[in-house]
Amino acid sequence: MEAQQIISRFFPKSSLAPSIPTVKRSFSLNFPPLLSSSTYPFVQSQNLDVPSAALHAISFVHKEACSSSWRIWCSKSSSSTSEPEEDHEVRAQVTVRRKKLAVFVSGGGSNFRSIHEASKRGSLHGDVTVLVTNKSECGGAEYARNNGIPVILFPKARDEPKGLSPCDLVDTLRKFEVDFVLLAGYLKLIPVELIRAYERSIFNIHPSLLPAFGGKGYYGMKVHKAVIASGARFSGPTIHFVDEHYDTGRILAQRVVPVLANDTAEDLAARVLNEEHQLYVEVVEALCEERVVWREDGVPLIQSRENPNDFR
């Protein structure tokens, strides 16, 4: 099998996709106001008080970096806003394993590069262990090869006969012990086999404020041209969980940028891309530190690294 040839020099032990642990707790959401909500009624200032039964979360108070893992000190305090007292500190510590990432690209892979650079400089507690692409000669694949990252072709196609089948792809990612799959400009629909194998562990970045300007056919410059033509005053990147359709998974994070009166599609694309590079790294940092939590109604949130009682 082609997958076996690719992974033969790596650890043979496979691992299943990770699940996000949960704990119930009460919290208050405080979202900063945006400039306007007239264009996007679903993007607006909110102050939500959620009952204690409405959140499944992890309580991380302090992170301490070490060579092979991060240590999370678990503490408890009588006040949710005060620092835990020394005698209240729980002596046990939880070690967060360094995560293994697979990135999928179809083009230059600038978001892939941002994630890999964050890993190299130490701000991201994970490593890109494999790159998947449908174009063996794209810029992202070239960058991966230059940095010693294995490159896998998927799917098998007339112009890429060495591509893997969906089942071989799943087997290969498991052999690499991949924790999270990150789509970064990958233009092919993700097969159901991969989605089922990595439930709640596949993420995509889209260059508009979903659910606006998303779906099949909305990618790259086509998105920015559609945004400008619509008269929308705001745009920005969205990171969402991946399901079996284009751009319909649960939204995890967004960043808003203005659409200026004289913007070209290229102007808007550059402004959005700058935010993409920052937002994707921040989200992957949260994933690797296990700071993604789920509300009972199925809405994913990101827990603040500095203050575990803040979510966004």
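## Helix α3 and its cover

α3 is followed by G148, whose phi is positive, near 70°. Helices here are DSSP runs of H or I with at least four residues, strands are E runs of at least two, and both are numbered from the N terminus. This is a predicted model: local features need pLDDT of at least 70, side-chain atom pairs count only at pLDDT 80 or more, and totals for chains, interfaces and linings use all residues. Residues are numbered from 1 along each chain as its sequence is written, and side-chain values use heavy atoms, with hydrogens and water left out.

Helix α3 spans residues 139–146, and G140, A141, Y143 and A144 in it are buried. They cover an arc of only 160° around the axis, which puts them on the same side of α3. The arc is taken from the directions from the helix axis to the C-beta atoms. Buried means under 20% relative accessible area, exposed means over 50%, and partly exposed lies in between (1.4 Å probe, protein chains only). The cover over these buried residues includes β7 (99–105), α2 (110–121), β8 and β9.

## The open sheet

Seven strands form an open sheet with mixed pairing, in the order β9-β8-β7-β10-β11-β13-β14. The edges are β9 (151–153) and β14 (251–254); each has a single partner strand, so one side of each is left without a neighbour in the sheet. Neighbouring strands are turned by 25° against each other on average, direction ignored. Axes are lines fitted to C-alpha atoms, for helices over the stretch in contact, and angles run from 0 to 180 degrees between N-to-C directions.

Strands β8 and β9 run parallel and are joined by three bridges. Two strands count as paired if DSSP finds at least two bridges between them. Across this pairing, L131 stands opposite V151 in β9.

## T133 in strand β8

T133 sits in strand β8, residues 126–133. Its relative accessibility is 0%, so T133 counts as buried. Leaving aside neighbours within four places in sequence, T133 is in contact (heavy atoms within 4.5 Å) with V105, S106, C138, A141, V151, I152, L153, F154 and Y186.

The side chain of T133 also has a polar atom 3.0 Å from the backbone nitrogen of K135. A polar contact is a pair of N or O atoms within 3.5 Å; within protein, one must be able to donate a hydrogen and the other to accept it, and residues adjacent in sequence count only if both atoms are side-chain atoms.

## Salt bridges

The structure holds twelve salt bridges. The criterion is a side-chain nitrogen of Lys or Arg within 4 Å of a carboxyl oxygen of Asp or Glu. In one of them, the side chains of E275 and R255 meet at 3.2 Å, N to O. E275 lies in helix α7 (residues 265–288) and R255 in the loop between β14 and β15 (257–258), so the pair ties together parts that are 20 residues apart in sequence. E275 is buried at 18% relative accessibility.

R312 forms a salt bridge with E282, the closest N and O atoms being 3.8 Å apart. This pair links distant parts of the chain: R312 is in the segment after β17 (300–302), E282 in helix α7, 30 residues apart. R312 is partly exposed at 41%, and E282 is partly exposed at 26%. R255, E275, E282 and R312 are linked in a network of salt bridges. R291 pairs with E289 in another salt bridge, with closest N and O atoms 2.8 Å apart. R291 is buried at 7%, and E289 is buried at 3%.
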